[in-house]
Amino acid sequence: MRAVELEKAYDPKSFEDRIYAGWRSSGAFKPRSADKSFTVVIPPPNVTGVLHLGHGLNNTLQDIVVRFHRMRGEATLWVPGTDHAGIATQNVVEKRLKAKGQSRRDLGRAKFVEETWKVKQEHHAIISRQLERIGASVDWSRERFTLDEGLSQAVREVFVTLYERNLLYKGNYLVNWCPSCGTALSDDEVDHEDTPGKMYHLRYPVAGAPGSFVELATTRPETLLGDTAVAVHPEDERYRHLAGKKVLLPLTDKEIPVVQDTYVDREFGTGVVKITPAHDPNDWEVAKRHNLPVINILTPDGRLGDAVPEKYRGLTVKKAREAVLEDLQAGGFYIREEDITHAVGHCYRCHTVIEPFLSEQWFVRMKPLAEKALGSWRRGELVFYPRKWENTYQHWLENIRDWCVSRQLWWGHRIPAWLCKDCGKTSVSRTDLSTCPHCGSTNIEQDPDVLDTWFSSWLWPFSTLGWPEDTADLQAHYPTTALVTAYDIIFFWVARMIMAGLEFTGRAPFRDIYIHGLIRDKQGRKMSKSLGNGLDPLELVDEFGADALKFTLAFMCAQGQDLLVDKESFKMGSKFANKIWNASRYILMNLENRNLVTNTDLLPADKWIYSRLNGAAKAMTEAFLSYRYNDAAQTAYEYFWNDFCDWYVEATKLSLKSGDDAEKDRATTVLLDVLGESLKLLHPLLPFVTEEIYGKLNAATGAPPELLITAAYPLYDEKRHDPKAEEDFAFLQELVRAVRTLRSECMIPPDRKLPTIVHPAPGKAGVLAANAELVKLLAGIGVLKIVEEQVVSNKTAGILPLLGAGFEAFVSILEATDIAALKEKWQRDIDKHNKFIETLEAKLANENFLKNAPVELVEGEKLKLVEARNRTGKLEAYIRDMERQ
């Protein structure tokens, strides 16, 4: 073989793009033919968005399990795609138009939608490139978009089917309304800001009881014109006498009832609440429970309408508030006002104050769908990782409300319903209508609204595979295997996908549901633009490499916990990738004139590393199968850094430097085999660096070209499991560590070899004798003498005793260091540690500290105290041993 020269410095920029292009062009991302499939659909990012670190985490976790299952030989498919993101995307286009002094109404619907498609194409390219940069091994040939032709067909099929099954209806609904934009907004599109305001205290006279009134408070006095009740708590003794009574609504000639409802907080204010069902979501629910009328006092442009007294009609909310307050004061209904700060919802587009508004919308009946989804979970068809999210899933489905699916937008799936202007009937159809099916009239008009973005994404697991057509992909890959997503959308997306899958395919859309935490900064705060604590995943890739990003996130991703990270966190992943590079570089650059051999007798160290590799493969396989990413990453780290690099590679130097050619060839053959298996083991977590090195390894050995991405993942092999080899090597490691620690504490240079006598425990002498040269190499021992019983006196000059599991050793340091100077240093260290011990003892004796400090801090201080005492005791023992000599 010839030596292979890897670049001296690990530079991921020099090969990551090349590696990704090679994977893609080779078809490695496409599913292979296999008996078992593993399918994941990507949670589709908003097409006009930019991937943030949360996306980086989510796609990293998907990529890891996808790569693992691909290497297991399964027909592995990861479907990519993007979401049309109705409101967010429309907002991007409207902002562009606003900058030109235009609005969407200036363009008209068709032209506006055309412009939005152009924006979609621009941003789609950005997201695709971002996914490539982080190494997402998605099958780009199957990429989907929630507004593409196939998914549009699926959306229309579902809408019509729901209508035919009486699971879809049109009715009144309280929405977040922007008077400026003239549209309903979802809760996500409302920005809540702490705003200065006023709390107005008012009195409502009790009907039939002159001089008697109830006091209540409101921040929106103009809405009293839409009040249809006042409410008190049923257990509030102060208002029991009002049961069944009515109050006079100020500024009107109306009487409204007093209702009893547990929604009222008895401890807040006077315990009396005005109920305005059309303009407050909580009041809306109270009204439904008590069958109260609902009066909408606003028009779509935010002015007061025909439902209020004539003098207030046509006024803006601000002007109406001024007029109402003036009249309340004149009529004796006003008590006082106070300054407050409260959260007020604003439109995220134009910053107009949001008004709760009653309007006619389309709804999906969710109870029947939820019952099926609960049944599937109870039958064990769904498994949540971690299991605690099952409680959230159950609670939400058992308390589900009907879903409002219509939006007053132009970008999205237009609702396939047509209203006949002649007969007044609405028709829902799978195909566009030109005549009314009921009366034959051509005077029909399609519903102007579009469907909620989630209405297309709840079909994502099966619509992306070709449903409603019975495609080959649908047959091969549905139900999908796993869903990987964050916990903040478990209600909006996960539960709805399960309901849709069961309703329209008869099967749950996936089996495993892995819910990961959120990315937060080191202070536990969510990352946001306003806090300036966000991290751009592509900037991290530029600085550290994609493997560093992926490995760090996996290493820190414990089930059920958020990830607390900062930029410094990713140095850990970078250092590990660098370690893999440097270890491989050392091995590959020392292949000159070496030959691979077929029959290799394994030394004890070889048997040990194969057993450790075998154990790591088993542990990592179990971790990947149960979505314990941090366990897999930590196992990989411990195996490669500690077992392979720190011990095995060092151990092979004995053969490679001191052995004859036959021994060197044997050792090289085993070392390259272990390296190759180790790269396979690590590949799901660090795909780029392992693929680059694996290619160099194959070139060096003359092996047929093979991509690591599709190579076989190491399987646990009972024949490789060697408890005896691991036990023996652990004994040798214990001895080596003890001598190395002593060398460090005595400041002995690496080139000074220490004469050592070892008295092994029964049964260990043969192990030590067989590996004596290895121990001498690793521990820096000169003459190693193995004795069956202790023959060294404690008074022998310059001898320090060591005690470990399975041995007692005596190390001579007399000629390796200045004993007098060493004793002085130890004494200085003891004095320093004693002061530290005094400080810790005083802190742990302080009752206030023990009572108020976090438990983990107290335990940490206790651990420091134990370690300091142990360290001091050890140094004192060294000095005593020296003074007896």
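Visitor: How many cavities of 30 Å³ or more does a search of the whole structure find?

Guide: Five cavities of that size turn up. A cavity here is a set of points on a 1 Å grid over the protein atoms alone where a 1.4 Å probe fits but cannot get out. Points are joined across faces, edges and corners, and a volume is the space filled by probe spheres set on them. Before we go on: this is a predicted model, where local features need pLDDT of at least 70, side-chain atom pairs count only at pLDDT 80 or more, and totals for chains, interfaces and linings use all residues. Residues are numbered from 1 along each chain as its sequence is written, and side-chain values use heavy atoms, with hydrogens and water left out.

Visitor: How much space lies in the largest cavity?

Guide: About 50 Å³.

Visitor: And which residues line the largest cavity?

Guide: Tyr586, Ile587, Asn590, Leu591, Leu656, Thr668 and Leu671; a lining residue has an atom within 4 Å of a point. Helix 17 (570-588) and helix 20 (661-682) each supply at least two residues of that lining. Helices (H or I, at least four residues) and strands (E, at least two) are DSSP runs, numbered from the N terminus.

Visitor: What classes of residue does that lining have?

Guide: Five nonpolar, two polar and no charged residues. Ala, Val, Leu, Ile, Met, Phe, Trp, Tyr, Cys and Pro count as nonpolar, Asp, Glu, Lys and Arg as charged, and the others, Gly among them, as polar.

Visitor: New topic, then. At what angle do the axes of helix 3 and helix 5 cross?

Guide: Roughly 105°, and the axes of helix 3 (residues 86-99) and helix 5 (residues 109-133) come within 10 Å. So helix 3 is roughly perpendicular to helix 5, a label used for angles of 65 to 115 degrees. Axes are lines fitted to C-alpha atoms, for helices over the stretch in contact, and angles run from 0 to 180 degrees between N-to-C directions.

Visitor: Which residues make the contact?

Guide: From helix 3, they include Thr89, Val92 and Arg96, and from helix 5, Phe112, Glu115 and His123 are among them. Contact means heavy atoms within 4.5 Å. By class, this contact has five nonpolar, four polar and four charged residues.

Visitor: What about helix 16: how many of its residues are buried?

Guide: Nine of the 11 residues in helix 16 (residues 546-556) are buried, so this helix is largely enclosed by the rest of the structure. Buried means under 20% relative accessible area, exposed over 50%, and partly exposed in between (1.4 Å probe, protein chains only). Asp547, Lys550 and Phe551 are among the buried ones.

Visitor: Is Gly532 buried or exposed?

Guide: Gly532 is exposed, with a relative accessible area of 63%. You'll find Gly532 in the loop between strand 24 (519-520) and helix 15 (537-544).

Visitor: And Met366, buried or exposed?

Guide: Met366 is buried, at 1% relative accessibility. Look for Met366 in the loop between strand 14 (355-364) and helix 9 (367-378). Its C-alpha atom is 5.1 Å from that of Asp402, though the two are 36 residues apart along the chain. Leaving aside neighbours within four places in sequence, Met366 is in contact with residues including Asp402, Trp403 and Arg496.

Technical notes. 1 Å grid on protein atoms, 1.4 Å probe; cavity = no way out; pocket = protein on both sides within 12 Å on 5 of 7 lines; lining within 4 Å. Parallel < 35°, antiparallel > 145°, perpendicular 65-115°, else oblique.
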